[in-house]
Amino acid sequence: MKKYVLAIDQGTTSSRAILFDHSGKIHSTGQLEHEQIFPKAGWVEHNPEEIWTNVREVVALALSRGNVTAADVAAVGITNQRETAVVWNRTTGKPVYNAIVWQDTRTQKIVDALGGEDGPDKYKAKVGLPLATYFSGPKVKWILDNVDGAREAAERGELAFGNTDTWVLWNMTGGVDGGIHVTDVTNASRTMLMDLKTLSWDESIAADMDIPMSMLPEIRSSSEVYGEGRTGGLLPGVPIAGILGDQQAATFGQACFEVGMAKNTYGTGNFMLLNTGTDPVASENGLLTTVAYKIGDNAAIYALEGSIAVTGALIQWFRDNLGVIKDAPEIETLASKVDDNGGAYIVPAFSGLFAPYWRPDARGAIVGLTRYVTINHLARAALEAVAFQTREVVDAMDADSGVAVTELKVDGGMIANDTLMQFQADILGVPVVRPEVAETTALGAAYAAGIAVGFWDGEQDVIDNWAEGKRWEPNLDGAERDRLLRNWKKAVSKTMDWVDADVPD
């Protein structure tokens, strides 16, 4: 009897494999970080071959640590960093260039040229997204335009494109020997190339970006059997049966199946999704319209999304670039030594500002500095920046949906930080709720795969398995909340109009 479902979580900073049992509990895990490559200011890359090597290793780790063999695994689900573009040669299996990461801003000139007189909303009615460096399509165009021989190879049908879900799936199912070139609707909805209503590639937009249709993977649902693990691999014959972009996977793992339910994931960036049901809702307040999930032949479910580029990445910056902490948890140790930010605010617009501003010309700033401010105040300001950005997204969601968020389900690595979670509740003025199993991204992918093969019966099993782990209640005075928000917005205003003719982008 099959006892487990394996989730592969190919994230921005690491790849993980997690085995879940039928109750949704973690049985065993494996995790490895991969290199963050910064060739120029604003450029962020990953090595796809390193990612694939790490995926194999973490799967082996999870299996060995859990004393599990492929015979015990009912299915595999994949979740991934979205909008990170990989282009590879179908014959050699080699990437033609490093993966261009979702945070990368090099495509700004391409984005501006595509918008032309129509501006950033040129394709928004069709794809739900503004023209921005965030999304995959312009990254593919950059690779074809800038890598020697890439465009010619693409025109000959030799190149394949995918977000990292497609890259991992293709390799798992055989690679050059019959690998399956597929993505799911959630990942496809992040390329700027998929029509939200038809759930198919839009040839006219692909033509505008000079991307041959032959490069694009087949779009499938989020929960169905795409193929099996290749012979000779770690999971031979095991169905690979679920794909969800990481934020949609977390939404699924948090059991946000009813219209109006929302979750917020605290990772490298922050991503809040609000279930809007079977109809895509256009945003008037700087949010994205995206596919939340599609189970087999069922109708697609849509969401409004607020995407924040830099949250956990700010703590990494403190660790790796400034060297003021040795590990991420130390930021809370510093922050807890003071009662407030000392008047200092950090706006981490390292890749411009995402929701709700969408200002690629913004860059990060630390404002309000005085001789009173210490590293402890700055550590607290870094945590508060995460919560302030989330508050602005919640406000936009309230305005778009007409329904006020009454509590916020949270997940991701940063929810272990009690100082942050308490301040999040304080600045929102509503309770913040952490689930018992915090690994909801991987869990959502596992559920999608398990449902496809009958390991779980459907969404009701997900609902039944979800359990509250911890709750933070707001205890901040309303007037103080308003003062902090007013100063935060003032700080944000100082980051804009930074990138211009005198500052290289």
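Visitor: Which element joins β15 to β16, and through how many residues?

Guide: A hairpin does it, through three residues. Strands here are DSSP runs (E, at least two residues), as helices are (H or I, at least four), and both are numbered from the N terminus. Before we go on: this is a predicted model, where local features need pLDDT of at least 70 and side-chain atom pairs count only at pLDDT 80 or more, while totals for chains, interfaces and linings use all residues. Residues are numbered from 1 along each chain as its sequence is written, and side-chain values use heavy atoms, leaving out hydrogens and water.

Visitor: In which sense do β15 and β16 run, and how many bridges join them?

Guide: Strands count as paired if DSSP finds at least two bridges between them. Here β15 (residues 262-266) and β16 run antiparallel, joined by five bridges. To find one, look at Y266, whose bridge partner in β16 is N270.

Visitor: Which residue of β18 stands opposite N270?

Guide: That's I308. β16 pairs with β18 (residues 301-308) in the antiparallel sense too, over seven bridges.

Visitor: How many residues of β16 are buried?

Guide: Buried means under 20% relative accessible area, exposed means over 50%, and partly exposed is in between (1.4 Å probe, protein chains only). In β16 (residues 270-277), eight of the eight residues are buried, so the strand is largely enclosed by the rest of the structure.

Visitor: What about its two faces?

Guide: The general idea is that side chains of a regular strand alternate between the two faces of the sheet. In β16, N270, M272, L274 and T276 are buried on one side, and F271, L273, N275 and G277 are buried on the other.

Visitor: What is the strand order of the sheet that holds β16?

Guide: Read it as β17-β18-β16-β15-β21-β22-β23, an open sheet of seven strands with mixed pairing. Its edge strands are β17 (288-293) and β23 (468-472), each pairing on one side only. Neighbouring strands are turned by 30° against each other on average, direction ignored. (Axes are lines fitted to C-alpha atoms, for helices over the stretch in contact, and angles run from 0 to 180 degrees between N-to-C directions.) The parallel part includes β15 and β21 (residues 408-411), joined by three bridges, with K263 opposite K409. Helix α9 packs on this sheet, touching β15, β16, β17 and β21, and its direction makes about 125° with that of β15. Contact means heavy atoms within 4.5 Å.

Visitor: What is the order of the six-stranded sheet?

Guide: That open sheet goes β3-β2-β1-β5-β14-β13, with mixed pairing. β3 (26-33) and β13 (223-228) stand at the edges with a single partner strand each, so one side of each has no neighbour in the sheet. Inside it, β1 (residues 4-10) and β5 (residues 73-80) pair in the parallel sense over seven bridges, and A7 has G77 as its bridge partner. Helix α9 (residues 246-253) packs on this sheet, touching β5 and β14 (239-245), and its direction makes about 100° with that of β14.

Visitor: How do α12 and α13 cross?

Guide: Two packed helices are described by the angle between their axes and the distance between the axes. For α12 (residues 375-401) and α13 (residues 418-428), the axes come within 9 Å and cross at roughly 40°. That makes α12 oblique to α13; angles under 35 degrees count as roughly parallel, over 145 as roughly antiparallel, 65 to 115 as roughly perpendicular and the rest as oblique. On the α12 side, the residues that meet α13 include L383, F388 and V394, and their counterparts in α13 include L420, F423 and I427.

Visitor: Where are L199 and D210, and is each buried or partly exposed?

Guide: L199 is in the loop between β10 (194-195) and β11 (200-201), and is buried at 18% relative accessible area. Its phi is near 55°, positive in a residue other than glycine. D210 has a positive phi too, about 60°. D210 is in the loop between α8 (203-208) and β12 (218-220), and is partly exposed at 36%.

Visitor: Which peptide bond is cis, with omega near -5°?

Guide: The one from A355 to P356. You'll find P356 in the loop between β19 (345-347) and β20 (365-367).
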